[in-house]
Amino acid sequence: DIIPQPLLDQYLSMTDPARAQTVDTEIAKHCAYSLPGVALTLGRQNWHCLKDTYETLASDVQWKVRRTLAFSIHELAVILGDQLTAADLVPIFNGFLKDLDEVRIGVLKHLYDFLKLLHADKRREYLYQLQEFVVTDNSRNWRFRYELAEQLILILELYNPNDVYDYLRHIALTLCSDKVSEVRWISFKLVVAILQKFYANSANALGLNFINELVVRFRHSSKWVGRQAFAFICQVG
């Protein structure tokens with residue numbers, strides 16, 4: 001009753017491969033781009049009308065179609081709510097995490113926005129996978145690592161100090177030694193944010209351990225870049 005059925009049928013038919021050959025080669029991409037708006041119009045109670053189409057688009061052979069969905073999956077999660085997100089979006093989100101860098105960047109740019117919508121136990125499962133973002137198809141793709149550091153600064157609030165120490169600390173230290181100066185700079189801010197997280201939550205022992213690790217790794221580094229990094233971390237702090 002929300003929109004005419006023929007109009008919805010016409011929209012859903014945009015994933016038909018035959019239409020891509022006869023109408024527009026980019027029709028599936030247009031369909032993917034419009035999907036959050038269609039989902040918002042229909043409402044979460046009518047998600048079942050779009051679910052199969054979404055899954056079809058998420059497995060499209062064209063990476064541009066998958067990339068479009070990856071950039072908007074956090075918006076769709078807000079529309080659908082936590083239960084439908086956990087059931088129908090999380091598996092697709094997991095698939096995007098293993099996709100090409102061109103697709104993964106869409107997930108990465110809004111990683112915090114998506115993770116904060118998940119229940120704490122589900123969110124905790126991604127601690128193991130965040131490390132995978134450090135590795136890219138092309139090592140020269142430094143903006144990917146820059147984006148990761150920026151997202152981690154936001155993501156810190158979603159996890160307790162022990163999880164930050166056990167998982168996110170290692171990623172921060174790796175990024176602080178990146179070959180690209182822009183990545184190192186944003187990573188120094190991440191390190192300081194981690195220290196602030198520890199002391200704000202009275203995890204003084206973790207904070208002291210991390211400071212000692214920074215001293216050993218950077219202050220006493222045999223390379224000037226390492227010692228410079230320590231000075232910059234102090235400056236940011």
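On a 1 Å grid over the protein atoms alone, a cavity is a set of points where a 1.4 Å probe fits but cannot get out. The points are joined across faces, edges and corners, and a volume is the space filled by probe spheres set on them.

This is a predicted model, in which local features need pLDDT of at least 70 and side-chain atom pairs count only at pLDDT 80 or more, while totals for chains, interfaces and linings use all residues. Residues are numbered from 1 along each chain as its sequence is written, and side-chain values use heavy atoms, leaving out hydrogens and water.

Let's look inside. The structure has 1 cavity of 30 Å³ or more, and the largest cavity holds about 40 Å³ of space. Its lining (residues with an atom within 4 Å of a point) includes Phe93, Tyr126 and Gln129. Both α5 (63-97) and α7 (111-115) supply at least two lining residues each; helices here are DSSP runs (H or I, at least four residues), numbered from the N terminus.

Now for a pair of helices. α3 and α4 pack at about 150 degrees, their axes 11 Å apart; axes are lines fitted to C-alpha atoms over the stretch in contact, and angles run from 0 to 180 degrees between N-to-C directions. α3 is therefore roughly antiparallel to α4 (angles over 145 degrees count as such). Contact means heavy atoms within 4.5 Å, and Leu35 of α3 and Tyr54 of α4 are among the residues making it.

Methods
1 Å grid on protein atoms, 1.4 Å probe; cavity = no way out; pocket = protein on both sides within 12 Å on 5 of 7 lines; lining within 4 Å. Parallel < 35°, antiparallel > 145°, perpendicular 65-115°, else oblique.
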